[in-house]
Amino acid sequence: MKLDIVSPEKTLYSGEADWVVLPGMKGIFTILERHAPIISGLGKGVVKYGGEGKDTSLKIDGGFVEAKQNIVTVCVEQE
C-alpha cells in the first residue's frame, strides 16, 4: 500500500509499506493492505511501519490518519 507521513514542516516518508501501527486516541491499531476506509485521531506515541524486511519507527505528539483504497496518509505533530 502507499504510505505518506507528513508534518507541517516536511514529508517524513513517502513510499510503500506492508503495514502501519498507529497510536490511536483509544489505543494502538494496525492498518494492513485493503483496510476498510478510516479516519482517526492519533495520540502521543510511536508510528511503526514496514515492509520488505525493513521496519521503521517515528515518535509523534499527535495527529490524524486517513486510509482509503490502499492509500494511507498520516499527518503528525512532533516536538
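## Exercises on loops, strands and charges

Arg-34 is found in the loop between strand S4 (27-32) and strand S5 (38-42). Strands, numbered from the N terminus, are DSSP runs of E with at least two residues. The model is predicted, so local features need pLDDT of at least 70 and side-chain atom pairs count only at pLDDT 80 or more, while totals for chains, interfaces and linings use all residues. Residues are numbered from 1 along each chain as its sequence is written, and side-chain values use heavy atoms, with hydrogens and water left out.

**Exercise 1.** Determine which residues Ser-7 contacts and which residues Ser-40 contacts, leaving aside neighbours within four places in sequence.

Solution. 
- Step 1: Ser-7 belongs to the loop between strand S1 (2-6) and S2. Ser-7 is buried because its relative accessible area is 12%.
- Step 2: beyond its sequence neighbours within four places, Ser-7 is in contact with Leu-12 and Val-76. Contact means heavy atoms within 4.5 Å.
- Step 3: Ser-40 lies in strand S5 and is buried, at 19% relative accessibility.
- Step 4: with the neighbours within four places again set aside, the contacts of Ser-40 are Phe-29, Gly-63, Phe-64 and Val-65.

**Exercise 2.** Place Thr-56 in the fold and give the distance between its C-alpha atom and that of Val-20.

Solution. 
- Step 1: Thr-56 is part of strand S7 (residues 54-60).
- Step 2: a relative accessible area of 27% makes Thr-56 partly exposed.
- Step 3: Thr-56 touches Val-47, Lys-48 and Tyr-49, not counting residues up to four places away in sequence.
- Step 4: the C-alpha atoms of Thr-56 and Val-20 are separated by 9.7 Å, and the two residues are 36 residues apart along the chain.

**Exercise 3.** How many salt bridges are there?

Solution. 
- Step 1: side chains of opposite charge can pair when their charged atoms come close. A salt bridge requires a side-chain nitrogen of Lys or Arg within 4 Å of a carboxyl oxygen of Asp or Glu.
- Step 2: Lys-2 pairs with Asp-4, their closest N and O atoms being 3.0 Å apart. Lys-2 is partly exposed, at 29% relative accessibility.
- Step 3: Lys-68 and Glu-66 are joined at 3.9 Å, N to O. Lys-68 is partly exposed at 45%, and Glu-66 is partly exposed at 30%.
- Step 4: the count comes to two salt bridges.

Definitions and conventions:
Helix = DSSP H or I, 4+ residues; strand = E, 2+ residues; numbered from the N terminus. Buried < 20%, exposed > 50% of the residue type's maximum accessible area, 1.4 Å probe, protein only.
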